[in-house]
There are 2 protein chains.
Amino acid sequence: MSAAASVTSPVDTVTIALGERSYPIRIGAGLVGDPAAFDGVPNATVAVVVSNTTVAPLYAEALMRTLRQRHAQVRLIVLPDGEAHKDWPTLNLVFDGLLGDEATPAADRKAVLYALGGGVVGDMTGFAAACYMRGIAFVQVPTTLLAQVDSSVGGKTGINHPRGKNMIGAFHQPLAVVADLDTLATLPDRELRAGLAEVIKYGPIADAAFFDWTERELPALLAREPRALRHAIRRSCEIKAEVVGEDERESGRRAILNFGHTFGHAIEAALGYGEWLHGEAVGCGMAMAADLSAALGLLPAADARRIARLIERAGLPVAAPPIGPDRFLELMRVDKKAEAGEIKFVLVDAIGRALVRGAPDAAVREVLAARGV
Amino acid sequence: MSAAASVTSPVDTVTIALGERSYPIRIGAGLVGDPAAFDGVPNATVAVVVSNTTVAPLYAEALMRTLRQRHAQVRLIVLPDGEAHKDWPTLNLVFDGLLGDEATPAADRKAVLYALGGGVVGDMTGFAAACYMRGIAFVQVPTTLLAQVDSSVGGKTGINHPRGKNMIGAFHQPLAVVADLDTLATLPDRELRAGLAEVIKYGPIADAAFFDWTERELPALLAREPRALRHAIRRSCEIKAEVVGEDERESGRRAILNFGHTFGHAIEAALGYGEWLHGEAVGCGMAMAADLSAALGLLPAADARRIARLIERAGLPVAAPPIGPDRFLELMRVDKKAEAGEIKFVLVDAIGRALVRGAPDAAVREVLAARGV
């Protein structure tokens, strides 16, 4: 089965190099049904697939069938769908499922969790794995473009707090990331565009040539051409792998992956989680971060416009809701990168090169005003 | 101030050797008021003391005064007291406090948490530190005997789930443990005895001479003689340091520190957390584990009786509530040491030497029956 699959559909592998916590990202078609895609995962007795009400009906059965070749018991936990549910009560559904009841024994410390879904399912399953019995193994099976190019890779896990996004969480690396390109076929257009925000991100912060490629291939990406999607995912993962391998716990360089996120998180928190998709907020946030880079004289204004233009062409918002600058600044101060009340921004001083620094409130307020805040 | 203190009251230091995560346990009188006791903790802008309604009125002001010499802002979060509150809603009070409100800015990633209280406060504060912004620093300031000899040392943090004790948590080492002997003066007798359960534990699993000492000095310990308490705390910490240094994440030997805990956790879960103190449940659990060791022919019956006798002399229960053997076994199967449904017991094959193994249900049922389950 896997041999046949590999003839028709090659599997690209990107490695996250973190010593004994290293793991592969496997990218290809048909991987949910391919036992070989999970090579290296221990044959624990119990596997638990965590998914949501949208994705489970589409792919859970296929994944569970594949996993039964590796695990004696395969269970399924289905969470409500959406960023609004990325909270403790929903996380606790995973713990309840793991601990079982009179009829089902508790999953033991060797059990493996599988996150089948987008960024919310991946972040929550990873955090549940980090905390259950003080840490068990898990595998990411991302089914959205956003999760395949960004959130499933790198070990950041967590949940939201009303005051701030991803405020409660852990660094906990998966054993593997299995990105099945076929799952993108069922992705709503809005989710595809949200995922493109994170693809667009990698060019400005790390790779000018990839930015050029993204500009050129955007129509192919929007048309879901497999060749274009595969390249976008692989190149995004390669860049993320290189950054994470260098700075796993974000003591320095890894922060550049948050380009657009300081602004974006404030939008998400202000509107209520789930009102805008994460990728939409990041898209608008990147336009703001590019503006701020230009306003501070770091980046030519033409390059800032080029970045905003690409975001707009991807169908993402480049103007923010009228949150008001005071509230917006207050929400940004809760950012994890803030230090002693100073907000740290990820900026670019050339397309392909990022830096992290503070900025005068006045400059930030100008940018906010220009983008409708 | 610290120089004067060190003349009248020497500080004993035990080191937990974990490479870059190594830290000191400082044991002495007057340490809550001694800035030198916190040497090595970074001078972060924000410090947050987490305590409970019983301990905060006694020691929070003194600790905050000391910490103001190190941190520009010192805040206090007061939790309800008791094992029944070792749950998510209470943990979330810590996150709410850290994230602040309109008037108080969010604590940043450099902030240091201080756990001022017993085992529950220490476990919850440590877990909050492990999760807040994916991990910040914390210091243990244990004020109960149980916390000073056991729970504040070694980095196990977490909360309870209705189905099992400490089921949700993390390994997260503190920067330091500061055990102020003076705080034991206000400890209720019942809590003192509960702490003695964990002191008594170390002899059977690791040090026959310390077991002899504990038998001999029990009256002095019950009378709170400072010399006896100090020795008990130091020797307990030395043994724990040696075991944790060898096996931080409990992949092997560290499990011996759970002597009596598999039985004890079942009692706590069955009665409802807080009905029996943790140390009381562990005391009874150790008598059961000693019985089981004898029933399996590992330990002379006379030695099992000697262990139970010491527990009884400490004023701890050696008979369990009538939970019923089926329910008791079911609760034990949720233990973190269980694998594929088999309960692993910490047993002793001599006073001073522990091992971990399974046991036939029939033998366990005999032990449970003999101890009133």
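This is a short tour of a predicted model, from the whole chain down to one residue.

Before you start: residues count from 1 along each chain as its sequence is written, and chains are lettered from A, with ligands numbered from 1, in the order in which they are written. Because this is a predicted model, local features need pLDDT of at least 70 and side-chain atom pairs count only at pLDDT 80 or more, while totals for chains, interfaces and linings use all residues.

**Stop 1: chain A**

Select chain A. You will find 13 helices and eleven strands. These are DSSP runs numbered from the N terminus: helices are H or I with at least four residues, strands are E with at least two. The radius of gyration is 20 Å, close to the 21 Å of the globule rule for 373 residues, so chain A is as compact as a globular protein of that length. That radius is taken over C-alpha atoms, and the rule is 2.2 Å times the number of residues to the power 0.38. Along its principal axes, the C-alpha trace spans about 60 × 45 × 35 Å.

**Stop 2: where the chains touch**

Now show both chains. In this model, 33 residues of chain A are in contact with 33 residues of chain B. Contact means C-beta atoms, placed from the backbone, within 7 Å. Select α3 (88–99), α4 (119–131), β7 (156–161) and β8 (164–171) of chain A: each supplies at least two residues of the side that touches chain B. The largest share, six residues, comes from β8(A).

**Stop 3: strand β6 of chain B**

Select residues 137–142 of chain B. This is strand β6, and six of its six residues are buried. Buried means 20 or more other C-beta atoms within 10 Å of a residue's own; 12 or fewer is exposed, in between is partly exposed, and C-beta atoms are placed from the backbone. In a regular strand the side chains alternate between the two faces of the sheet. Here B:A137, B:V139 and B:V141 lie on one side, and B:F138, B:Q140 and B:P142 on the other. Both faces are covered.

Strands pair if DSSP finds at least two bridges between them.

**Stop 4: B:L116**

Which residue in β6(B) is the bridge partner of B:L116? Select B:V141 to see the partner. Leaving aside neighbours within four places in sequence, B:L116 is also in contact with other residues, including B:V49, B:V50, B:Y59 and B:T143.

How values were computed. Two residues are in contact if their C-beta atoms, placed from the backbone, lie within 7 Å.
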